[in-house]
Amino acid sequence: MSIEASATFTVMEPETMRRMFTGELGPDRDFFIYSRHFNPTVLNLGRQMAALEGTEAAYCTASGMAAISSVMLQLCSSGGHVVASATLYGVTHFLPRICNITTTFVDITDHEAVKNAIVQGRTNVLFFESMSNPTLTVANIPELSKLAHDKGAMVVVDNTFSPMVLSPARLGADIVVHSISKFISGGADVIAAAVCGPASLLMDLHQGALMLLGPTMNAKVAFELSERIPHLGLRMMEHCRRALEYATRMKKLGVRVVYPGLEDHPQHHLLKSMANKGYGFGGLLCVDMESEEKANRPMHHLQNSSQFGLIAVSLGYYETLMSCSGSSTSSELNSEEKALAGILPGLVRMSIGYTGTLEQKWSQFERAISRMEVDSTLFSKN
């Protein structure tokens, strides 16, 4: 696909304009009006994302929060109700507060609590992450989708942590949201997102939030991203392979590690039953250091003594990225909300990269640890 950077598009006959605005002629037949609605290059990326997730359509936006905000405003009006996972990314608490949308936060693994929170005829959306940030709790997508649909609610799943690994739409979800900035981009150089779902919801020219609010992706960004989709599968397999290997080795060292690929993870078998074969268990792991102060020391050594990884937010980069979630990406939550979400003060999230050989990077990890005094903040007794 070439880059089509035009903001507006000409028509050969005046009558064509009317037919486009009535919906008779549209992008499916290569008729375009204005790039805030549809752009050929952005639409090409949307078709790739729809194919990736197995949905009828996908619309690409300028950021993940633009995607989530637009979806929520499409599905909920003032006075609406959302049931949401307590582990959702902190900023997603903002929109309901200012739009008179009541939100009930629940433990997404407690299906009885989820069922009781969804009110027939009132709840518009059940919203959760396929794999939660940062606790790596895995949602039972088929069961949760059934619970919501039985009570007439739509299911929106954020699949940012597990592209290729999980396919929520194939497991029952109505809409799948991605922050493309992460694994799908892979370069930590682009802010972008996608909403994957029914064409009737995403492509409504006159009433659709994605059309009216203008969370528009730049065509040049879409072109760059479309070039990265073909090797996403290969990248994800390596992220996942290394994450499992490091988590296994860390556990043997006595490190308190959380990773869905380990058999002692509470949802290991659930993830195994839902996952697409051959892609592993995700590219992130967490290490519990007990407190922020105790977490900072090993992160300092891992970055500055051995170059194992970088202290930075975000994920899905080809280098390993580390952050203490409670004081960074989840800092919008108060202490009560963090406790409800299971976000411990010293929980360090690691997005495992794939540069260098696995053994080279592991030796860097061991070198950093050897420069620290062995203490109970990092190691537990086996």
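A residue is termed buried when its relative accessible area is under 20%, exposed when this is over 50%, and partly exposed in between (1.4 Å probe, protein chains only). Glycine 80 has a relative accessibility of 6% and therefore counts as buried. The structure is a predicted model, in which local features need pLDDT of at least 70 and side-chain atom pairs count only at pLDDT 80 or more, whereas totals for chains, interfaces and linings use all residues. Residues are numbered from 1 along each chain as its sequence is written, and side-chain values use heavy atoms, with hydrogens and water left out.

Glycine 80 is located in the loop that lies between α3 (64-75) and β2 (81-85); helices (H or I, at least four residues) and strands (E, at least two) are DSSP runs numbered from the N terminus. Its contacts (heavy atoms within 4.5 Å), neighbours within four places in sequence being left aside, are Asn100, Ile101, Thr102 and Asn124. A distance of 53 Å separates the C-alpha atom of glycine 80 from that of serine 363, 283 residues apart along the chain.

The protein chain is divided into domain 1 (14-227) and domain 2 (232-380), with bounds that come from an automatic or database domain assignment. Their C-alpha centres are 27 Å apart. To the contact between them, domain 1 gives 33 residues and domain 2 gives 41 residues.

Nonpolar cores were defined as sets of buried Ala, Val, Leu, Ile, Met, Phe, Trp, Tyr and Cys residues joined through side-chain atoms within 4.5 Å. The largest such core comprises 80 residues, and Met49, Met250, Leu285 and Met350 have the most contacts inside it. Helix α10 (residues 232-253) supplies the largest share, seven residues. Because domain 1 (14-227) and domain 2 (232-380) both contribute residues, this core lies between them. Methionine 49 touches Ala58, Cys60, His178, Ile180, Ile184, Ala194, Cys196 and Ile229, residues up to four places away in sequence not being counted. A second core, separate and of 31 residues, includes Leu25, Val71, Leu75 and Val125.

Helix α2 (residues 40-53) and helix α9 (residues 219-226) have axes that come within 8 Å and cross at roughly 35°; axes are lines fitted to C-alpha atoms, for helices over the stretch in contact, and angles run from 0 to 180 degrees between N-to-C directions. In this pair, Thr41, Val42, Asn44, Leu45 and Gln48 of α2 meet Ala219, Ala222, Phe223, Leu225 and Ser226 of α9.
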